[in-house]
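Hello,

Here is the structure I promised to hand over. Have a look at it first, and then read my notes below.

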Amino acid sequence: MIRSRLTLASLVLGLLLAGPAQAQDAAPAAAEAAPPSTEEGLANWQVFYEVASHPRCANCHTGPDNWPMWSGPSYGEPRRHGMNINAGDSRVGAEALMCSTCHVTLSDAGSEPDPLPHAAPRAATPWMLAPVETEWFGKSSVEICNQIKDPARNGERTIEEVAEHVGEGAFQTWAWNPGGGREPAPHSKTQAIDALLTWAAAGAPCPEE
Ligand code: HEC
Ligand code: HEC
């Protein structure tokens, strides 16, 4: 009898002890709502960096010399745009020859991209270089990371607005469907946007130098 009471007591004790364990079982559900870790943030930044540094994006995101670049598999060695094309401080070539002279502005974003290899790429926005503050060509991951979250250099956008821009911009639409045998930007537009948003939710960590 004493023994069975003890057994009962230990059973009750066991159940009591099991209580906190059950509460811990519930913890993973709570963790799903918690912000992503720094590690996850960095992994997501890496995805976006692979996009931003790809020639389909970086060839237009060039520095204060205002040279558009020809780089990537269809161009061989990276070099400045042929025919001595320079975008000037206007970034649209207004000083010499407008980019839109050769790069046709499509009336509709859904139109076919450049059908022939080596034709001048076309988009639904007049072709031009990205603002000089958004220089990505040849820049490191940490440099692009710091630029993209700096409102003074990203068009005064929150990271959510940067993601929105990637979703809506005509040049981004072109970069993932460039036609003419060009290699598209890596991942997909949706993955790039998700990566930016997860990176932002993790506190937008940047890699070490
Ligand atoms: C005289 C015609 C002409 C003018 C003007 C011109 N381009 Fe181009 N551009 C081309 C051609 C043709 C190609 C494609 C070359 C190829 O695929 O071999 C090209 C390709 C590019 C590319 C590479 C796209 C990629 O990643 O494949 C960029 C960037 C570019 N041009 C930017 C500009 C900018 C910016 C201007 C204005 C400052 C401009 N271009 C003016 C003809 C022109
Ligand atoms: C034809 C040239 C061109 C190409 C190609 C291009 N961009 Fe841009 N990009 C621009 C211009 C011009 C702006 C400025 C327009 C604005 O801010 O509204 C810009 C602005 C941006 C911005 C906002 C500023 C910043 O740095 O935060 C982002 C983000 C961006 N581009 C991402 C991309 C990505 C990603 C790709 C490739 C998938 C790409 N761009 C390809 C010309 C280009």
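A word on classes to begin with: Ala, Val, Leu, Ile, Met, Phe, Trp, Tyr, Cys and Pro count as nonpolar, Asp, Glu, Lys and Arg as charged, and the others, Gly among them, as polar. By that scheme, the shell around ligand 2 has 14 nonpolar, six polar and two charged residues. A residue belongs there if its C-beta atom, placed from the backbone, lies within 6 Å of the ligand. Among the closest are Cys57, Cys60 and Asn154.

This is a predicted model, where local features need pLDDT of at least 70, side-chain atom pairs count only at pLDDT 80 or more, and totals for chains, interfaces and linings use all residues. Residues are numbered from 1 along each chain as its sequence is written, while chains are lettered from A and ligands numbered from 1 in the order in which they are written.

The protein chain has a mean pLDDT (the predictor's confidence in each residue, from 0 to 100) of 88, and 84% of its residues reach 70 or more. Residues 1-27, however, have pLDDT below 50. Where pLDDT is low, the predicted coordinates should not be read in detail.

Now try Ala202: why is it partly exposed? Ala202 has 19 other C-beta atoms within 10 Å, and buried takes 20 or more, exposed 12 or fewer, with partly exposed in between. Ala202 is 168 residues from Ala34 in sequence, yet their C-alpha atoms are 9.6 Å apart in space. Leaving aside neighbours within four places in sequence, its contacts (C-beta atoms, placed from the backbone, within 7 Å) include Pro35, Thr38 and Glu40.

Enjoy exploring!

Notes: Contact = placed C-beta atoms within 7 Å.
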